[in-house]
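Here is a quick briefing on one protein model. Keep the sequence and the 3D view open as you read.

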Amino acid sequence: MLFTQEERPLDIIPVGRIAIDFNPTDMNRPLSQSEHFNKYLGGSPANIAVGMARLGRKVGFLARISDDAFGDFVEGFFRNEGIDVSHVKRCVNGEKLGLTFTEILSPTQSSILMYREGVADLMLHPDDVDEAYVASSKSLLISGTSLCCSPTREAALKALTFAQRHDVTVIFDADYRAYTWKNKDEISIYTSLVAQKSDIILGSREEFDLMERLLGLDGTDKASAAYWLGQGAKLLVIKHGKEGSMAYTAEESWKVKPFPVAAMKGFGGGDGYASACLHGLMTGRSLPEALEMGSASAAMLVASHACSKDMPSQDALEAFIREEKEQYGTMVSRI
């Protein structure tokens, strides 16, 4: 069983990055030539939080945000989505939210320019982590970006310790960003440390390769599955972009094909995948059903302009799955 059946006030508490995304409205051109942008709440853990709240989950958050107008924007957005902000604290030394400017060269070519120096989300301190708050949730989601430096690294590890003490399911979303990490060995050391204590591990093949850099594995999905399941993980999801994803438990393995859509951008799908798949598992859906929900949400997100703002509701997600399956058939097959 992936999640406790005990009734708790929250279903999930993500830890880590909250940012501001600026996505161009004059698309299909280089970022250097883009002049008009829409502002959205961003950051992988924040997107997942919104996605799960839209689907009816009870969501909290552990983070630091800026004490300015952008901080007001984040707090207001979270409140409107029903996300608990009691442990989203303001910075006191002038740190600002990270800014992300996206480049959409074509539906299949996207890139991201991040401003990540002295940002608010990396100021989460161990003193900000309350044991009772972590214990009030069924699950804790740790983002890989929260492990890149102190003090947020120690805050994430403290939250992980409390989660293990109180039977809180630990979800590790690798969420690799090159910025702020010092070298690849550091990435491997800290991400593998958290992965070894996690119940669910989500990441791309590239992210698993970085995580496993010092472990001597051969870089295949089967080797990754054997190792991490052997370490105690209950579910492993390895994403391969346009090729879909693979999911492994000790008992079964599944291949997940992406739902065909007319893509608008090449980012955001992973956060949609995580939020919908985790929601499905929490509602008692079978693993293939939950994976199907994740794949559907991912497709909906790459076909839309925003990430957090365009996270689907349960009704929209089910309608999309129904219509796509009538046309293309099942997307999940056992291997």
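F37 is partly exposed, with a relative accessible area of 28%. F101 is also partly exposed, at 21% relative accessibility. Keep in mind that this is a predicted model.

**Aromatic rings**

- The structure holds 8 aromatic pairs.
- F37 and F101 make one of these pairs, and the arrangement is edge-to-face. Their centres are 5.9 Å apart, with 85° between the planes.
- F37 belongs to strand β3 and F101 to strand β6, so this pair ties together parts that are 64 residues apart in sequence.
- F259 and F320 pair too: their planes stand at 70° and their centres are 5.7 Å apart, so this pair is edge-to-face.
- F259 sits in the loop between β13 (253-256) and α8, while F320 sits in helix α10 (residues 314-328), so the pair ties together parts 61 residues apart in sequence.
- Both F259 and F320 are buried.
- One aromatic cluster is formed by F22, F37, F70, F101 and Y115.

**Charges over rings**

- K39 lies over the face of F73, 3.9 Å from the ring centre.
- K265 has its charged end over the ring of F267, at 5.5 Å from the centre.

- Is strand β2 mostly covered or mostly open? It is mostly covered: 6 of its 6 residues, 19-24, are buried.
- In a regular strand, side chains alternate between the two faces of the sheet.
- In β2, A19, D21 and N23 point one way. I20, F22 and P24 point the other way. All of them are buried.
- β2 pairs with strand β3 (residues 37-42) in the antiparallel sense, over 6 bridges. A19 stands opposite G42 in β3.
- β2 also runs parallel to strand β6 (residues 98-106), joined by 4 bridges. Here D21 has T100 as its bridge partner.

**The β6–β7 hairpin**

- β6 and strand β7 (residues 109-115) run antiparallel and are joined by 7 bridges.
- The two strands form a hairpin, with 2 residues between them.

- The largest pocket has a volume of about 1,400 Å³.
- It is lined by 49 residues, and the closest to its centre are G266, F267, G268, G269 and G270.
- Which element gives the largest share of this lining? That is β7, with 5 residues.
- The lining of the largest pocket has 17 nonpolar, 20 polar and 12 charged residues.
- The second largest pocket has a volume of about 200 Å³. Its lining includes M1, L2, F3, K138 and R285.
- By class, the second largest pocket is lined by 5 nonpolar, 3 polar and 2 charged residues.

**The cavity**

- Rolling a probe the size of a water molecule over the atoms shows where empty space is left.
- The count comes to 1 cavity of 30 Å³ or more. The largest cavity has a volume of about 60 Å³.
- Residues lining the largest cavity include G144, Y176, W181, E207 and M211.
- α5 (184-195) and α6 each supply at least two residues of this lining. The largest share, 3 residues, comes from α6.
- By class, the lining of the largest cavity has 6 nonpolar, 3 polar and 3 charged residues.

Conventions: Residues numbered from 1 in each chain as written. Predicted model: local features only at pLDDT ≥ 70, side-chain atom pairs only at ≥ 80, totals over all residues. Heavy atoms only, no water. Buried < 20%, exposed > 50% of the residue type's maximum accessible area, 1.4 Å probe, protein only. Pairing = 2+ DSSP bridges. 1 Å grid on protein atoms, 1.4 Å probe; cavity = no way out; pocket = protein on both sides within 12 Å on 5 of 7 lines; lining within 4 Å. Points joined across faces, edges and corners; volume = space filled by probe spheres on them. Nonpolar A, V, L, I, M, F, W, Y, C, P; charged D, E, K, R; others polar. Phe/Tyr/Trp six-rings, centres within 6.5 Å; stacked < 30°, edge-to-face > 60°. Lys NZ or Arg CZ within 6 Å of the ring centre and 35° of its normal.
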